[in-house]
Amino acid sequence: MSLDAPPRDRVGTARLRRVGGAVGREALGALVAVTLAVIALRHVLATARVALLWYDGDSVLLPMVVRSIQLGQPFEWAMSPALFFFPELPVYLVCSLVTGSPQQALALNGVLVMVAVYALLRAVANELMPSARRSARIAVAALAVGFLTLLVLTESTATATSLELASLLLTTTYYYGVVLALLATAALVLRGIRVGRASPVVLVTLGLVAACTTASNPLYVPWSGAPVVVTLLLLGLARRVPWRPALWLSAVVVGGALVGYLVRIPLGPFVSLDPSTYVHPELAGRTLGFFASLTDVRAGTALGDAGLLLMFVGVLLSVGGTVWGWRVRTSRTVLVASVLPLVTIVAVSIGVVVAGSATPRYLEPVVVAPLTALVAVCELVRTTVRRTQVHRPLRGVRVALAIGAAVVVAAGVALAPSTLRAVRTAAYTPASCLDRWADGRDVVGVGQYWTVRPLAAYSSTNIGLLQVRDTFRTYPWLVDLGAYRGAEPTFVVVGSGDVWSTPVEDSLGAPASVTHCTGFDIWDYAGTAGAARLREDVVGSAEAILRERGF
């Protein structure tokens with residue numbers, strides 16, 4: 001009697017091996033992505049860029065939201081046109097639940113965003129490279145994230161007003177949600193184009209992405225929605241993609257964005273400024289000069305030159321992929337994946353200038369959109385080489401990629417302990433000075449935006465801080481107005497860089513005491529006539545704003 005396994009058992013064993021191999025390869029790709037995220041995070045923590053990640057007035061928004069929720073304050077937030085309700089706030093809430101400090105939650109959030117970028121590029125690779133090996137699709141997605149990580153490694157300043165755009169993805173308030181939606185939209189559109197018809201699942205998912213993202217942040221429309229529609233219509237007119245899926249996908253993107261705008265209507269009380277207030281076409285010339293000066297500043301260092309070169313390479317990938325894909329009449333998905341980033345780059349660049357916006361972070365798609373073009377160019381190279389007689393010697397590429405992955409993982413393992421230690425021991429020293437001064441007392445104070453916000457996020461919960469303008473009127477910007485209700489402020493935080501329209505002492509009189517801390521002073525008005533003036537100006541103006549907003 002034969003000892004060989006029955007045919008059915010052999011088939012089952014082979015299937016298990018295939019599944020195990022697939023899981024192993026996917027796990028390796030995810031490990032490389034996590035490692036790249038850790039490398040990017042470690043670089044940010046080791047440079048002045050850490051201030052933008054943890055202590056910038058904008059970056060501490062979500063820690064302040066969570067703190068407000070924990071204190072049981074009314075949810076009466078005055079946001080910017082970006083509401084951060086999807087996906088930023090839910091993701092950060094989860095991160096805060098599994099970590100012990102705002103710094104730890106912000107760091108974890110940054111790592112998750114980079115991993116999400118990999119996952120979405122992995123989905124893009126599935127649509128662009130259906131005939132390639134699984135390992136090839138994983139490698140290309142990891143290569144794209146590696147390209148993004150290289151860009152992060154060239155960025156090291158503490159300001160958001162620069163052309164250092166890739167590292168903004170690690171922060172929670174510089175629009176990573178729209179960036180992820182941009183990549184998700186691209187993956188869904190490519191899916192619909194590849195199969196030749198948009199399935200109900202793809203259409204519903206695409207509509208939800210467009211609606212939820214637009215409701216939270218209207219930047220989705222110029223960053224992703226409009227470029228997708230323009231790309232599909234142009235390629236439809238050129239007869240390079242079928243009209244049926246192109247029209248369906250375009251209609252769903254437009255419809256989803258319109259639903260998102262409708263959802264924003266009942267959310268109106270949370271919005272501090274209408275997006276139209278950001279459009280100033282008369283400043284277009286000045287905006288061009290502004291970005292030219294930023295480019296000069298960026299080119300002032302070797303790392304800055306490297307960053308600009310990588311950004312230029314991204315643009316070249318989009319242009320080259322478009323020309324190459326058009327000439328060889330490649331698959332329509334590869335062509336869409338090349339043209340879409342190019343349209344996005346052109347639209348965003350022209351849009352920022354025409355809008356007269358001196359805000360570099362609105363150019364963030366310029367460094368992210370080309371990642372899909374990178375995947376498309378890799379597929380063009382793969383299919384071109386396979387038609388020649390040299391594809392066998394080029395199997396050495398697999399060895400090179402394996403070595404590269406090993407080097408990346410080894411670097412990540414080496415950096416992980418110091419990264420974890422930096423995150424675990426992070427502390428905002430100025431807040432400690434404020435805590436010592438309060439000495440456990442329940443106190444409320446006021447201060448200007450850039451000075452008071454990191455203190456509000458990192459000081460003890462017995463300390464309440466309200467942000468005000470230079471006139472001591474409430475400044476309703478990225479702050480919970482509910483915290484002003486019935487507040488009794490008794491001290492002023494005066495930052496070293498603050499400018500007051502009228503000197504503090506002229507407005508409130510002499511303080512009872514002044515305590516000096518690093519970067520700011522604490523002017524204590526408890527028991528003086530200045531405290532009553534603070535309550536009248538700050539709380540009174542806040543109550544007027546609350547009534548105006550309908551809270």
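## Pockets and packing

The largest pocket has a volume of about 1300 Å³. On a 1 Å grid over the protein atoms alone, a pocket is an open set of points where a 1.4 Å probe fits, with protein on both sides within 12 Å along at least five of seven lines; lining residues have an atom within 4 Å of a point. A volume is the space filled by probe spheres set on the points, which are joined across faces, edges and corners.

The model is predicted: local features need pLDDT of at least 70, side-chain atom pairs count only at pLDDT 80 or more, and totals for chains, interfaces and linings use all residues. Residues are numbered from 1 along each chain as its sequence is written, and side-chain values use heavy atoms, with hydrogens and water left out.

Around the largest pocket are 38 lining residues, with S135, A136, A139, V397 and L401 nearest its centre. Two or more lining residues come from each of α1 (7–46), α6 (134–153), α15 (370–386) and α16 (396–424). Helices (H or I, at least four residues) and strands (E, at least two) are DSSP runs, numbered from the N terminus. The second largest pocket is lined by 41 residues, and Y175, L219, Y278, S357 and Y362 are the closest to its centre. At least two residues of that lining are supplied by each of α9 (220–237), α13 (332–354) and α18 (449–458).

| Pocket | Volume | Element giving the most to the lining |
|---|---|---|
| Largest pocket | about 1300 Å³ | α6, 12 residues |
| Second largest pocket | about 860 Å³ | α9, six residues |

The lining of the largest pocket comprises 25 nonpolar, seven polar and six charged residues; that of the second largest pocket comprises 31 nonpolar, seven polar and three charged. Ala, Val, Leu, Ile, Met, Phe, Trp, Tyr, Cys and Pro count as nonpolar, Asp, Glu, Lys and Arg as charged, and the others, Gly among them, as polar.

F520 belongs to strand β7 (residues 520–524).

In the helix pair, V117, L121, V124, A125 and L128 of α5 meet L371, T372, V375, A376 and E379 of α15. The residues of this contact are eight nonpolar, one polar and one charged.

Definitions and conventions:
Contact means heavy atoms within 4.5 Å.
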